[in-house]
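Subject: Structure handover

Hello,

Here is the structure you asked about. My notes follow below it.

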Amino acid sequence: MRLLALSGSLRARSSNGAVLRSALGLWDGPSTTADIGALPHFNPDLDGEDATAPAPVAALRTAVAAADALLVVSPEYVHGVPGVLKNALDWLVSSGECVHKPVAVITASPSPTGGDHANAQLRETLGMMTGEVVTAACREIPAIGPKVDATTQRVTDEPTLTDLASALSHLAKAVPPPAAGTP
Ligand SMILES: Cc1cc2nc3c(=O)[nH]c(=O)nc-3n(C[C@H](O)[C@H](O)[C@H](O)COP(=O)(O)O)c2cc1C
């Protein structure tokens, strides 16, 4: 089962990036990330059947289409979803790669709320896109700072790692078995 992860933070030392890398390390199967920082601003004139998608958009769509499940990891900005991530999701609406795709949303924040507003908004948006939001695989991680090792930029907090593993196993269970005859 192939997992594709998107991060809502472009920061080099992002705590959500650390969560993402740690989660990929726990995934039982191939996994990759998509660079959403290079996407142009969403423009409906560049979208749809009569338009040629800009190259970074086409690459994102191909990566999402090839994935069996999606993991969205993001900070919360002013009680909302970071613009770079919402922009990426907007590019995936009409092309439909997220339709029926199992998806987990994880938000991490230094605050005690764990980015709950952004988490709820992402679930709502992905649900509207008819992705299959796997509630049991979604997490809000509070007080993320000390849970990340500054040198390795990975989560080292054992309860958080255990919980991440549990979230990912719920996500994996939501992936339908391959149809008969599929290699
Ligand atoms: C513009 C901006 C707005 C923020 N708003 C929130 C917020 O509403 N809620 C929250 O929990 N943290 C907020 N934060 C703090 C982020 O959670 C914190 O900077 C976090 O480390 C960002 O994630 P990252 O480490 O993955 O880049 C905000 C940070 C920035 C830069």
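N16 is buried, at a relative accessible area of 2%. Buried means under 20% relative accessible area, exposed means over 50%, and partly exposed lies in between, with a 1.4 Å probe and protein chains only.

Two points on the source. This is a predicted model: local features need pLDDT of at least 70, side-chain atom pairs count only at pLDDT 80 or more, and totals for chains, interfaces and linings use all residues. Residues are numbered from 1 along each chain as its sequence is written, and side-chain values use heavy atoms, with hydrogens and water left out.

**N16**

N16 sits in helix α1. Helices (H or I, at least four residues) and strands (E, at least two) are DSSP runs, numbered from the N terminus. Leaving out residues up to four places away in sequence, N16 touches V73, S74, P75, I106, T107 and A108. Contact here means heavy atoms within 4.5 Å. A polar atom of the N16 side chain is also 3.1 Å from the backbone nitrogen of A108. A polar contact is a pair of N or O atoms within 3.5 Å; within protein, one must be able to donate a hydrogen and the other to accept it, and residues adjacent in sequence count only if both atoms are side-chain atoms.

**The ligand**

N16 also reaches the ligand: a polar side-chain atom lies 2.8 Å from a ligand oxygen. S15 does likewise, with a polar side-chain atom 2.7 Å from an oxygen of the ligand. On the backbone side, a polar atom of V78 is 2.8 Å from a ligand nitrogen. The protein covers 67% of the 610 Å² of accessible area that the ligand has on its own. Those areas come from the Shrake-Rupley method with a 1.4 Å probe; for residues, only the protein chains shown count as cover.

How many residues surround the ligand? There are 13, and the closest are S9, R11, S14, S15 and S109. The cut-off is a heavy atom within 4 Å. The shell divides into four nonpolar, seven polar and two charged residues. Ala, Val, Leu, Ile, Met, Phe, Trp, Tyr, Cys and Pro count as nonpolar, Asp, Glu, Lys and Arg as charged, and the others, Gly among them, as polar.

**G8**

G8 is in the loop between β1 (3-7) and α1 (15-26). G8 counts as buried because its relative accessibility is 2%. Beyond its neighbours within four places in sequence, G8 contacts V73, S74, P75, P82, V84 and L85. G8 and V84 are 76 residues apart in sequence, yet their C-alpha atoms are 6.5 Å apart.

**Salt bridges**

The structure has four salt bridges. The test is a side-chain nitrogen of Lys or Arg within 4 Å of a carboxyl oxygen of Asp or Glu.

- D68 and R2 pair with their closest N and O atoms 3.2 Å apart. D68 is in the loop between α2 (55-66) and β3 (69-74) and R2 in the segment before β1, so the pair ties together parts 66 residues apart in sequence.
- D47 and R61 meet at 2.7 Å, N to O. D47 is in the loop between β2 (31-33) and α2, R61 is in helix α2, and they are 14 residues apart. Both D47 and R61 are buried.
- D90 and K86 come to 2.8 Å between closest N and O atoms. Both lie in helix α3 (residues 83-91), four residues apart, about one turn of the helix. K86 is partly exposed, at 34%.

**Helix α3**

In α3, the residues L85, N87, A88, L89 and W91 are buried. Their cover includes β1, α2, β3 and α4 (116-128).

Best wishes
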